[in-house]
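Dear colleague,

Please find below the structure that I am handing over to you, followed by an account of what was found in it.

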Amino acid sequence: MNLTTSPPRFVSVEELMETAKGVTNMALAHEIMVNQAFQVKPAELPKGSLERRVKEIMHKAFWDCLEAQLKEDPPSYGHAIKLLSEIKETLLSFLLPGHGRLRSHIEEVLDLPLIQQQAENGALDIGRLSQFIVGMMGSLCAPCRDEDINKLKEITDIVPLLKAIFSVLDLMKVDMANFALSSIRPHLMQQSVEYERNKFQEFLDKQPNALDYTKKWLEDTVKCLSEPGIDSVGAASCDPSSLLPLNVHNHAYLRLLRWDHESDPFPETVLMDQVRFQEMQQEVDRLVLLSSVLLIIYTTTGEAISGLPGLMEMLKNTVSIMLADMHTPSFSVQEALATIGEKLCVELGQCLSQHGYSPFSADRRHTLKGQISATIQPDNTVRKLMESRVQTYLLASLESSQHKTPPPLPGGLAPVSRELKELAVRFSRLVNFNKLVFSPFYQKILQTLLTAGESPDTDM
(Lines give C-alpha, C1' and ligand atoms only; values in the text may rest on other atoms or scores of the structure.)
Protein backbone atom coordinates (compact mmCIF):
# COMPACT_ATOMS: atom_id res chain seq x y z
CA MET A 1 0.00 0.00 0.00
CA ASN A 2 3.05 2.27 0.02
CA LEU A 3 2.98 5.10 -2.48
CA THR A 4 6.22 5.97 -4.20
CA THR A 5 7.12 9.62 -4.28
CA SER A 6 7.69 11.35 -7.59
CA PRO A 7 11.29 12.08 -8.61
CA PRO A 8 12.53 15.65 -8.19
CA ARG A 9 12.35 17.87 -11.26
CA PHE A 10 14.62 20.84 -11.94
CA VAL A 11 12.89 24.01 -13.12
CA SER A 12 14.06 27.40 -14.33
CA VAL A 13 13.77 30.62 -12.35
CA GLU A 14 11.13 31.82 -14.82
CA GLU A 15 9.05 28.70 -14.23
CA LEU A 16 9.32 29.17 -10.48
CA MET A 17 8.22 32.79 -10.72
CA GLU A 18 5.27 31.89 -12.93
CA THR A 19 4.28 29.07 -10.59
CA ALA A 20 4.53 31.34 -7.55
CA LYS A 21 2.27 33.89 -9.24
CA GLY A 22 -0.29 31.20 -10.03
CA VAL A 23 -0.26 29.92 -6.44
CA THR A 24 -0.66 33.49 -5.12
CA ASN A 25 -3.69 34.10 -7.35
CA MET A 26 -5.17 30.75 -6.33
CA ALA A 27 -4.68 31.58 -2.65
CA LEU A 28 -6.42 34.94 -3.11
CA ALA A 29 -9.40 33.37 -4.88
CA HIS A 30 -9.59 30.73 -2.16
CA GLU A 31 -9.52 33.35 0.59
CA ILE A 32 -12.41 35.23 -1.01
CA MET A 33 -14.53 32.06 -1.07
CA VAL A 34 -13.87 30.57 2.36
CA ASN A 35 -13.46 33.77 4.38
CA GLN A 36 -16.85 35.47 4.57
CA ALA A 37 -15.21 38.42 6.35
CA PHE A 38 -12.63 38.97 3.59
CA GLN A 39 -12.37 42.59 2.53
CA VAL A 40 -10.15 44.71 0.33
CA LYS A 41 -8.14 47.14 2.44
CA PRO A 42 -6.34 50.35 1.47
CA ALA A 43 -2.68 49.82 0.64
CA GLU A 44 -0.43 51.04 3.43
CA LEU A 45 3.32 51.40 2.94
CA PRO A 46 5.35 50.61 6.09
CA LYS A 47 6.17 53.60 8.26
CA GLY A 48 9.75 54.74 7.80
CA SER A 49 10.17 52.76 4.57
CA LEU A 50 11.96 54.27 1.58
CA GLU A 51 8.89 53.74 -0.61
CA ARG A 52 6.69 55.68 1.80
CA ARG A 53 9.21 58.50 2.10
CA VAL A 54 9.53 58.81 -1.69
CA LYS A 55 5.75 58.81 -2.08
CA GLU A 56 5.35 61.55 0.55
CA ILE A 57 8.02 63.71 -1.10
CA MET A 58 6.46 63.33 -4.56
CA HIS A 59 2.96 64.09 -3.27
CA LYS A 60 4.18 67.17 -1.39
CA ALA A 61 5.97 68.41 -4.52
CA PHE A 62 2.81 67.93 -6.59
CA TRP A 63 0.51 69.77 -4.17
CA ASP A 64 3.06 72.55 -3.66
CA CYS A 65 3.25 72.99 -7.44
CA LEU A 66 -0.56 73.10 -7.70
CA GLU A 67 -0.74 75.75 -4.98
CA ALA A 68 1.95 77.82 -6.72
CA GLN A 69 0.12 77.61 -10.06
CA LEU A 70 -3.17 78.77 -8.54
CA LYS A 71 -1.41 81.75 -6.87
CA GLU A 72 0.04 82.99 -10.15
CA ASP A 73 -1.43 86.12 -11.72
CA PRO A 74 -3.28 85.12 -13.76
CA PRO A 75 -3.68 81.59 -12.22
CA SER A 76 -2.40 78.61 -14.14
CA TYR A 77 -4.84 75.69 -14.19
CA GLY A 78 -2.78 72.95 -15.89
CA HIS A 79 -2.44 70.73 -12.81
CA ALA A 80 -5.95 71.52 -11.59
CA ILE A 81 -7.58 70.44 -14.86
CA LYS A 82 -5.67 67.13 -14.77
CA LEU A 83 -7.01 66.56 -11.26
CA LEU A 84 -10.56 67.37 -12.32
CA SER A 85 -10.24 64.92 -15.21
CA GLU A 86 -9.10 62.16 -12.84
CA ILE A 87 -11.87 62.97 -10.36
CA LYS A 88 -14.44 62.84 -13.16
CA GLU A 89 -13.28 59.39 -14.28
CA THR A 90 -13.39 58.14 -10.70
CA LEU A 91 -16.93 59.42 -10.13
CA LEU A 92 -18.10 57.84 -13.38
CA SER A 93 -16.53 54.51 -12.33
CA PHE A 94 -18.80 54.46 -9.26
CA LEU A 95 -21.98 54.61 -11.34
CA LEU A 96 -24.17 51.60 -12.05
CA PRO A 97 -25.86 51.00 -15.43
CA GLY A 98 -29.10 52.55 -14.16
CA HIS A 99 -27.45 55.84 -13.16
CA GLY A 100 -28.04 57.55 -16.51
CA ARG A 101 -29.14 60.91 -15.11
CA LEU A 102 -26.19 61.10 -12.71
CA ARG A 103 -23.83 60.26 -15.55
CA SER A 104 -25.26 63.04 -17.71
CA HIS A 105 -25.04 65.49 -14.81
CA ILE A 106 -21.36 64.69 -14.17
CA GLU A 107 -20.55 64.91 -17.88
CA GLU A 108 -22.31 68.26 -18.08
CA VAL A 109 -20.71 69.93 -15.06
CA LEU A 110 -17.23 68.40 -15.49
CA ASP A 111 -17.11 69.12 -19.23
CA LEU A 112 -13.34 69.18 -19.69
CA PRO A 113 -13.23 71.12 -23.03
CA LEU A 114 -15.51 73.75 -21.48
CA ILE A 115 -13.40 73.85 -18.32
CA GLN A 116 -10.26 74.30 -20.46
CA GLN A 117 -11.95 77.16 -22.33
CA GLN A 118 -13.03 78.81 -19.06
CA ALA A 119 -9.47 78.56 -17.76
CA GLU A 120 -8.06 80.22 -20.85
CA ASN A 121 -10.58 83.08 -20.50
CA GLY A 122 -10.01 83.50 -16.75
CA ALA A 123 -13.58 82.45 -15.94
CA LEU A 124 -12.92 79.08 -14.24
CA ASP A 125 -14.45 78.69 -10.77
CA ILE A 126 -12.53 75.83 -9.14
CA GLY A 127 -14.36 76.34 -5.86
CA ARG A 128 -17.78 75.82 -7.45
CA LEU A 129 -16.62 72.65 -9.22
CA SER A 130 -15.09 71.33 -5.98
CA GLN A 131 -18.37 71.81 -4.14
CA PHE A 132 -20.21 69.97 -6.92
CA ILE A 133 -17.71 67.10 -6.63
CA VAL A 134 -18.18 66.90 -2.84
CA GLY A 135 -21.96 66.86 -3.27
CA MET A 136 -21.76 64.10 -5.88
CA MET A 137 -19.44 62.08 -3.62
CA GLY A 138 -22.03 62.41 -0.87
CA SER A 139 -24.67 60.94 -3.19
CA LEU A 140 -22.49 57.97 -4.18
CA CYS A 141 -20.62 57.08 -1.00
CA ALA A 142 -21.45 54.37 1.52
CA PRO A 143 -23.08 55.51 4.79
CA CYS A 144 -19.81 54.91 6.62
CA ARG A 145 -18.27 57.81 4.61
CA ASP A 146 -20.87 60.43 5.58
CA GLU A 147 -18.60 61.83 8.28
CA ASP A 148 -15.72 62.13 5.81
CA ILE A 149 -17.98 64.00 3.37
CA ASN A 150 -19.11 66.40 6.11
CA LYS A 151 -15.47 67.17 6.89
CA LEU A 152 -14.85 67.97 3.21
CA LYS A 153 -17.68 70.53 3.30
CA GLU A 154 -15.86 72.37 6.10
CA ILE A 155 -12.65 72.88 4.05
CA THR A 156 -12.57 76.26 2.29
CA ASP A 157 -9.05 76.41 0.80
CA ILE A 158 -8.93 74.85 -2.67
CA VAL A 159 -5.67 72.88 -2.46
CA PRO A 160 -6.38 71.23 0.93
CA LEU A 161 -9.90 70.49 -0.31
CA LEU A 162 -8.71 68.79 -3.51
CA LYS A 163 -6.14 66.85 -1.53
CA ALA A 164 -8.80 65.66 0.93
CA ILE A 165 -11.16 64.81 -1.94
CA PHE A 166 -8.60 62.40 -3.38
CA SER A 167 -8.10 60.75 0.02
CA VAL A 168 -11.84 60.13 0.41
CA LEU A 169 -12.14 58.94 -3.21
CA ASP A 170 -9.48 56.33 -2.48
CA LEU A 171 -11.56 55.08 0.45
CA MET A 172 -14.68 55.04 -1.73
CA LYS A 173 -12.84 52.88 -4.27
CA VAL A 174 -12.17 50.34 -1.52
CA ASP A 175 -15.81 50.49 -0.43
CA MET A 176 -16.96 49.89 -4.00
CA ALA A 177 -14.59 46.93 -4.38
CA ASN A 178 -15.92 45.34 -1.18
CA PHE A 179 -19.51 45.95 -2.27
CA ALA A 180 -18.82 44.27 -5.60
CA LEU A 181 -17.11 41.40 -3.78
CA SER A 182 -20.07 40.77 -1.48
CA SER A 183 -22.49 40.99 -4.42
CA ILE A 184 -20.76 38.44 -6.62
CA ARG A 185 -19.51 36.02 -3.93
CA PRO A 186 -22.67 33.82 -4.11
CA HIS A 187 -22.14 33.44 -7.87
CA LEU A 188 -18.44 32.64 -7.64
CA MET A 189 -18.65 29.13 -6.15
CA GLN A 190 -18.51 27.05 -9.34
CA GLN A 191 -16.04 29.37 -11.07
CA SER A 192 -13.82 29.38 -7.99
CA VAL A 193 -13.86 25.58 -7.73
CA GLU A 194 -12.81 25.21 -11.36
CA TYR A 195 -10.25 28.00 -11.09
CA GLU A 196 -8.54 26.53 -8.02
CA ARG A 197 -8.59 23.05 -9.48
CA ASN A 198 -7.07 24.20 -12.78
CA LYS A 199 -4.43 26.31 -11.00
CA PHE A 200 -3.46 23.37 -8.81
CA GLN A 201 -3.26 21.12 -11.87
CA GLU A 202 -0.91 23.63 -13.51
CA PHE A 203 1.18 23.62 -10.35
CA LEU A 204 1.14 19.81 -10.29
CA ASP A 205 2.28 19.68 -13.92
CA LYS A 206 5.35 21.72 -12.98
CA GLN A 207 5.89 19.96 -9.63
CA PRO A 208 4.86 16.28 -10.02
CA ASN A 209 5.63 15.57 -6.36
CA ALA A 210 3.17 18.23 -5.17
CA LEU A 211 0.77 15.58 -3.84
CA ASP A 212 3.22 13.50 -1.81
CA TYR A 213 2.07 14.71 1.61
CA THR A 214 -1.57 14.39 0.57
CA LYS A 215 -0.96 10.77 -0.41
CA LYS A 216 0.73 10.07 2.92
CA TRP A 217 -2.16 11.75 4.79
CA LEU A 218 -4.74 9.51 3.11
CA GLU A 219 -2.51 6.43 3.32
CA ASP A 220 -2.03 6.88 7.08
CA THR A 221 -5.80 7.27 7.47
CA VAL A 222 -6.41 3.99 5.64
CA LYS A 223 -3.89 2.26 7.91
CA CYS A 224 -5.56 3.73 10.97
CA LEU A 225 -8.96 2.42 9.88
CA SER A 226 -7.80 -0.98 8.59
CA GLU A 227 -5.68 -2.05 11.54
CA PRO A 228 -7.49 -3.77 14.44
CA GLY A 229 -8.07 -1.44 17.36
CA ILE A 230 -9.50 2.03 17.74
CA ASP A 231 -10.07 4.51 14.93
CA SER A 232 -9.63 8.26 14.93
CA VAL A 233 -12.76 8.92 17.00
CA GLY A 234 -12.35 6.12 19.49
CA ALA A 235 -14.62 3.58 17.77
CA ALA A 236 -13.80 0.05 16.69
CA SER A 237 -12.12 0.13 13.28
CA CYS A 238 -12.67 -3.41 12.06
CA ASP A 239 -15.96 -2.64 10.26
CA PRO A 240 -15.43 -3.17 6.51
CA SER A 241 -17.58 -0.10 5.80
CA SER A 242 -14.90 2.02 7.46
CA LEU A 243 -12.76 1.56 4.33
CA LEU A 244 -15.33 3.02 1.97
CA PRO A 245 -13.70 6.01 0.24
CA LEU A 246 -16.14 8.55 1.68
CA ASN A 247 -15.55 7.30 5.23
CA VAL A 248 -11.77 7.27 4.76
CA HIS A 249 -11.94 10.80 3.40
CA ASN A 250 -14.02 12.13 6.30
CA HIS A 251 -11.75 10.49 8.88
CA ALA A 252 -8.77 12.04 7.11
CA TYR A 253 -10.23 15.52 7.58
CA LEU A 254 -10.94 14.71 11.22
CA ARG A 255 -7.27 13.84 11.71
CA LEU A 256 -6.38 17.40 10.69
CA LEU A 257 -7.93 18.53 13.99
CA ARG A 258 -5.32 16.51 15.90
CA TRP A 259 -2.33 17.33 13.71
CA ASP A 260 1.22 17.77 14.96
CA HIS A 261 1.99 20.97 13.06
CA GLU A 262 5.57 21.16 14.30
CA SER A 263 6.76 17.80 13.01
CA ASP A 264 4.33 16.61 10.30
CA PRO A 265 4.11 18.47 6.96
CA PHE A 266 0.54 19.50 6.20
CA PRO A 267 -1.11 17.93 3.11
CA GLU A 268 -0.73 20.10 0.02
CA THR A 269 -4.43 20.11 -0.88
CA VAL A 270 -5.39 21.69 2.46
CA LEU A 271 -2.27 23.81 2.90
CA MET A 272 -4.04 27.10 2.17
CA ASP A 273 -6.36 26.35 5.09
CA GLN A 274 -3.72 25.18 7.55
CA VAL A 275 -4.20 28.20 9.81
CA ARG A 276 -7.97 27.68 9.81
CA PHE A 277 -7.64 24.00 10.68
CA GLN A 278 -5.13 24.90 13.37
CA GLU A 279 -7.54 27.44 14.87
CA MET A 280 -10.34 24.85 14.84
CA GLN A 281 -7.98 22.33 16.44
CA GLN A 282 -7.34 24.78 19.26
CA GLU A 283 -11.08 25.33 19.62
CA VAL A 284 -11.62 21.57 19.85
CA ASP A 285 -8.96 21.32 22.58
CA ARG A 286 -10.62 24.14 24.51
CA LEU A 287 -14.11 22.64 24.22
CA VAL A 288 -12.84 19.20 25.27
CA LEU A 289 -11.21 20.62 28.39
CA LEU A 290 -14.19 22.87 29.15
CA SER A 291 -16.74 20.06 28.79
CA SER A 292 -14.50 17.72 30.84
CA VAL A 293 -14.39 20.16 33.76
CA LEU A 294 -18.16 20.74 33.61
CA LEU A 295 -18.85 17.00 33.48
CA ILE A 296 -16.66 16.48 36.55
CA ILE A 297 -18.56 19.21 38.39
CA TYR A 298 -21.90 17.68 37.49
CA THR A 299 -20.96 14.16 38.48
CA THR A 300 -19.30 15.34 41.71
CA THR A 301 -22.18 17.51 42.94
CA GLY A 302 -24.94 15.33 41.52
CA GLU A 303 -28.54 16.46 41.46
CA ALA A 304 -27.82 19.32 43.83
CA ILE A 305 -26.96 21.63 40.92
CA SER A 306 -29.17 20.18 38.19
CA GLY A 307 -32.22 22.09 39.36
CA LEU A 308 -30.53 25.44 39.93
CA PRO A 309 -31.25 27.74 36.98
CA GLY A 310 -28.27 29.55 35.53
CA LEU A 311 -25.69 27.82 37.72
CA MET A 312 -24.13 25.68 35.01
CA GLU A 313 -23.94 28.69 32.66
CA MET A 314 -22.22 30.72 35.39
CA LEU A 315 -19.71 27.94 36.03
CA LYS A 316 -19.15 27.55 32.30
CA ASN A 317 -18.39 31.27 31.92
CA THR A 318 -15.91 31.07 34.79
CA VAL A 319 -14.06 28.16 33.19
CA SER A 320 -14.24 29.68 29.69
CA ILE A 321 -12.61 32.91 30.85
CA MET A 322 -9.80 30.98 32.52
CA LEU A 323 -9.18 28.88 29.37
CA ALA A 324 -9.53 31.68 26.81
CA ASP A 325 -5.76 32.03 26.30
CA MET A 326 -4.83 28.37 26.70
CA HIS A 327 -2.92 28.26 23.39
CA THR A 328 -0.72 31.29 24.03
CA PRO A 329 2.96 30.57 24.79
CA SER A 330 2.85 32.03 28.30
CA PHE A 331 -0.26 30.08 29.36
CA SER A 332 0.12 27.38 32.01
CA VAL A 333 -2.69 24.82 31.82
CA GLN A 334 -1.64 23.33 35.15
CA GLU A 335 -1.89 26.67 36.95
CA ALA A 336 -5.16 27.51 35.19
CA LEU A 337 -6.79 24.21 36.20
CA ALA A 338 -5.64 24.69 39.80
CA THR A 339 -7.15 28.19 39.82
CA ILE A 340 -10.34 26.88 38.21
CA GLY A 341 -10.65 24.23 40.92
CA GLU A 342 -10.30 26.85 43.66
CA LYS A 343 -12.79 29.28 42.11
CA LEU A 344 -15.39 26.62 41.33
CA CYS A 345 -15.26 25.23 44.86
CA VAL A 346 -15.95 28.71 46.23
CA GLU A 347 -18.79 29.42 43.78
CA LEU A 348 -20.38 25.99 44.25
CA GLY A 349 -20.12 26.24 48.02
CA GLN A 350 -21.81 29.63 48.07
CA CYS A 351 -24.55 28.55 45.68
CA LEU A 352 -25.32 25.31 47.53
CA SER A 353 -25.50 27.13 50.84
CA GLN A 354 -27.84 29.79 49.41
CA HIS A 355 -30.27 27.13 48.22
CA GLY A 356 -30.31 25.13 51.45
CA TYR A 357 -28.02 22.27 50.41
CA SER A 358 -25.31 20.94 52.66
CA PRO A 359 -22.07 22.89 52.18
CA PHE A 360 -19.06 21.50 50.39
CA SER A 361 -16.97 19.43 52.76
CA ALA A 362 -13.19 19.65 52.72
CA ASP A 363 -12.97 16.13 51.29
CA ARG A 364 -15.35 16.95 48.43
CA ARG A 365 -13.43 20.14 47.63
CA HIS A 366 -10.15 18.22 47.62
CA THR A 367 -11.63 15.53 45.37
CA LEU A 368 -13.12 18.04 42.93
CA LYS A 369 -9.91 20.06 42.64
CA GLY A 370 -7.89 16.89 42.14
CA GLN A 371 -10.18 15.60 39.38
CA ILE A 372 -10.13 18.96 37.58
CA SER A 373 -6.32 19.17 37.75
CA ALA A 374 -6.06 15.60 36.42
CA THR A 375 -7.66 16.60 33.13
CA ILE A 376 -4.30 18.06 32.09
CA GLN A 377 -3.22 14.49 31.27
CA PRO A 378 -4.04 13.47 27.67
CA ASP A 379 -4.95 9.95 28.84
CA ASN A 380 -7.31 11.20 31.56
CA THR A 381 -10.47 9.08 31.40
CA VAL A 382 -12.91 12.00 31.40
CA ARG A 383 -10.87 13.98 28.91
CA LYS A 384 -10.55 11.02 26.55
CA LEU A 385 -14.30 10.41 26.78
CA MET A 386 -15.19 14.00 25.93
CA GLU A 387 -12.60 14.14 23.15
CA SER A 388 -14.08 11.01 21.61
CA ARG A 389 -17.59 12.46 21.80
CA VAL A 390 -16.52 15.77 20.25
CA GLN A 391 -14.74 13.94 17.43
CA THR A 392 -17.76 11.68 16.92
CA TYR A 393 -20.03 14.72 16.63
CA LEU A 394 -17.74 16.46 14.12
CA LEU A 395 -17.51 13.27 12.03
CA ALA A 396 -21.29 12.91 12.11
CA SER A 397 -21.56 16.55 11.01
CA LEU A 398 -19.49 15.78 7.92
CA GLU A 399 -21.62 12.73 7.17
CA SER A 400 -24.89 14.62 7.59
CA SER A 401 -23.85 17.92 5.96
CA GLN A 402 -25.16 16.83 2.57
CA HIS A 403 -28.57 16.09 4.11
CA LYS A 404 -28.73 19.47 5.92
CA THR A 405 -29.76 17.77 9.16
CA PRO A 406 -27.50 18.28 12.19
CA PRO A 407 -26.57 15.11 14.08
CA PRO A 408 -27.77 14.49 17.65
CA LEU A 409 -25.53 15.84 20.38
CA PRO A 410 -23.65 13.17 22.39
CA GLY A 411 -24.16 13.08 26.15
CA GLY A 412 -22.22 15.52 28.31
CA LEU A 413 -21.83 18.13 25.56
CA ALA A 414 -25.04 20.09 26.19
CA PRO A 415 -23.23 22.92 28.08
CA VAL A 416 -21.03 23.57 25.02
CA SER A 417 -23.65 22.78 22.37
CA ARG A 418 -23.73 26.27 20.88
CA GLU A 419 -19.95 26.52 20.46
CA LEU A 420 -19.70 22.95 19.17
CA LYS A 421 -22.45 23.41 16.59
CA GLU A 422 -20.84 26.63 15.32
CA LEU A 423 -17.50 24.84 15.05
CA ALA A 424 -19.12 21.93 13.19
CA VAL A 425 -20.67 24.32 10.66
CA ARG A 426 -17.32 26.03 9.97
CA PHE A 427 -15.54 22.68 9.76
CA SER A 428 -18.12 21.19 7.37
CA ARG A 429 -18.11 24.24 5.08
CA LEU A 430 -14.34 24.21 4.81
CA VAL A 431 -14.20 20.47 4.19
CA ASN A 432 -17.00 20.47 1.63
CA PHE A 433 -15.38 23.26 -0.38
CA ASN A 434 -12.06 21.42 -0.30
CA LYS A 435 -13.78 18.27 -1.54
CA LEU A 436 -15.36 20.16 -4.42
CA VAL A 437 -12.00 21.53 -5.55
CA PHE A 438 -9.77 18.50 -5.13
CA SER A 439 -12.16 15.54 -5.54
CA PRO A 440 -10.55 14.32 -8.82
CA PHE A 441 -7.14 14.14 -7.13
CA TYR A 442 -8.53 12.43 -4.02
CA GLN A 443 -10.40 9.83 -6.06
CA LYS A 444 -7.26 8.79 -7.92
CA ILE A 445 -5.26 8.47 -4.72
CA LEU A 446 -7.97 6.48 -2.91
CA GLN A 447 -8.41 4.17 -5.90
CA THR A 448 -4.72 3.33 -5.60
CA LEU A 449 -4.85 2.90 -1.83
CA LEU A 450 -7.99 0.83 -1.45
CA THR A 451 -8.38 -2.73 -2.63
CA ALA A 452 -8.69 -3.18 -6.37
CA GLY A 453 -11.96 -5.04 -6.00
CA GLU A 454 -13.75 -2.10 -4.40
CA SER A 455 -15.40 0.47 -6.64
CA PRO A 456 -14.59 3.89 -5.27
CA ASP A 457 -17.45 5.97 -3.94
CA THR A 458 -17.52 9.08 -6.09
CA ASP A 459 -19.70 10.99 -3.64
CA MET A 460 -16.95 12.87 -1.83
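Which residues of α10 are buried? Before the answer, please note that this is a predicted model. The buried residues of helix α10 are Asp212, Thr214, Trp217, Leu218, Glu219, Thr221, Val222 and Leu225. Among the elements that cover them are α11 (245-255) and α18 (417-449). The helix itself runs over residues 212-226, 15 residues in all, and its first and last C-alpha atoms are 21 Å apart, close to the 21 Å expected at 1.5 Å a residue.

Helix α3 (residues 78-93) may be read in the same manner. Its 16 residues should span 22 Å at 1.5 Å a residue, and the end C-alpha atoms lie 23 Å apart, which agrees. The buried residues of α3 are His79, Ala80, Ile81, Leu83, Leu84, Ile87, Lys88, Thr90, Leu91 and Leu92. They pack against α2 (50-71), α4 (100-109), α5 (112-120), α6 and α8. In the loop between α2 and α3 lies Pro74. The peptide bond that leads from Asp73 to Pro74 is cis, with omega near 0 degrees. For context, most peptide bonds are trans.

I turn next to the charged side chains. The search of the whole structure finds 18 salt bridges. One of them joins Asp175 and Arg145, with an N to O distance of 2.6 Å. This pair links distant parts of the chain, for Asp175 belongs to helix α8 (residues 158-184) and Arg145 to the loop between α6 (126-140) and α7 (146-153), 30 residues apart. Asp175 counts as buried, at 17% relative accessibility, and Arg145 is likewise buried, with a relative accessible area of 17%.

A second salt bridge is formed by Asp273 and Arg276, at 2.9 Å from N to O. Here Asp273 has a relative accessibility of 2% and counts as buried. Arg276 is also buried, with a relative accessible area of 18%.

The salt bridge between Lys199 and Glu202 has an N to O distance of 3.7 Å. Both residues lie in helix α9 (residues 189-206), three residues apart, which is about one turn of the helix. In an α-helix there are 3.6 residues a turn, so residues three or four places apart point the same way. Glu202 is partly exposed, with a relative accessible area of 39%. Beyond individual pairs, Lys316, Arg418, Glu419 and Glu422 are linked in a network of salt bridges.

The aromatic side chains form a further topic. The structure holds 13 aromatic pairs. In one of these, the ring centres of Phe266 and Phe277 are 6.2 Å apart and the planes stand at 50 degrees, so the pair is tilted. Phe266 lies in the loop between α11 and α12 (274-301), while Phe277 is in helix α12, so the pair ties together parts that are eleven residues apart in sequence. Both residues, Phe266 and Phe277, are buried.

Another pair consists of Phe438 and Phe441, with ring centres 6.1 Å apart and planes at 50 degrees, so this pair is tilted as well. Phe438 and Phe441 are three residues apart in helix α18, and therefore about one helical turn separates them. Phe438 and Phe441 are both buried. These two residues also belong to a cluster in which ring pairs link Phe200, Phe203, Trp217, Tyr253, Phe438, Phe441 and Tyr442. Trp217, a member of that cluster, is among the buried residues of α10 named at the outset.

Finally, how many disulfides does the structure contain? The count comes to zero. For Cys144, the closest cysteine sulfur is that of Cys141, at 7.5 Å, which is too far for a bond because a disulfide requires the two sulfur atoms to lie within 2.5 Å. Cys144 counts as exposed, at 52% relative accessibility. Cys345, by contrast, is buried, with a relative accessible area of 5%.

With kind regards

Terms used:
Residues numbered from 1 in each chain as written. Predicted model: local features only at pLDDT ≥ 70, side-chain atom pairs only at ≥ 80, totals over all residues. Heavy atoms only, no water. Salt bridge = Lys/Arg side-chain N within 4 Å of Asp/Glu carboxyl O. Helix = DSSP H or I, 4+ residues; strand = E, 2+ residues; numbered from the N terminus. Buried < 20%, exposed > 50% of the residue type's maximum accessible area, 1.4 Å probe, protein only. Expected span 1.5 Å × (residues − 1). Contact = heavy atoms within 4.5 Å. Phe/Tyr/Trp six-rings, centres within 6.5 Å; stacked < 30°, edge-to-face > 60°.
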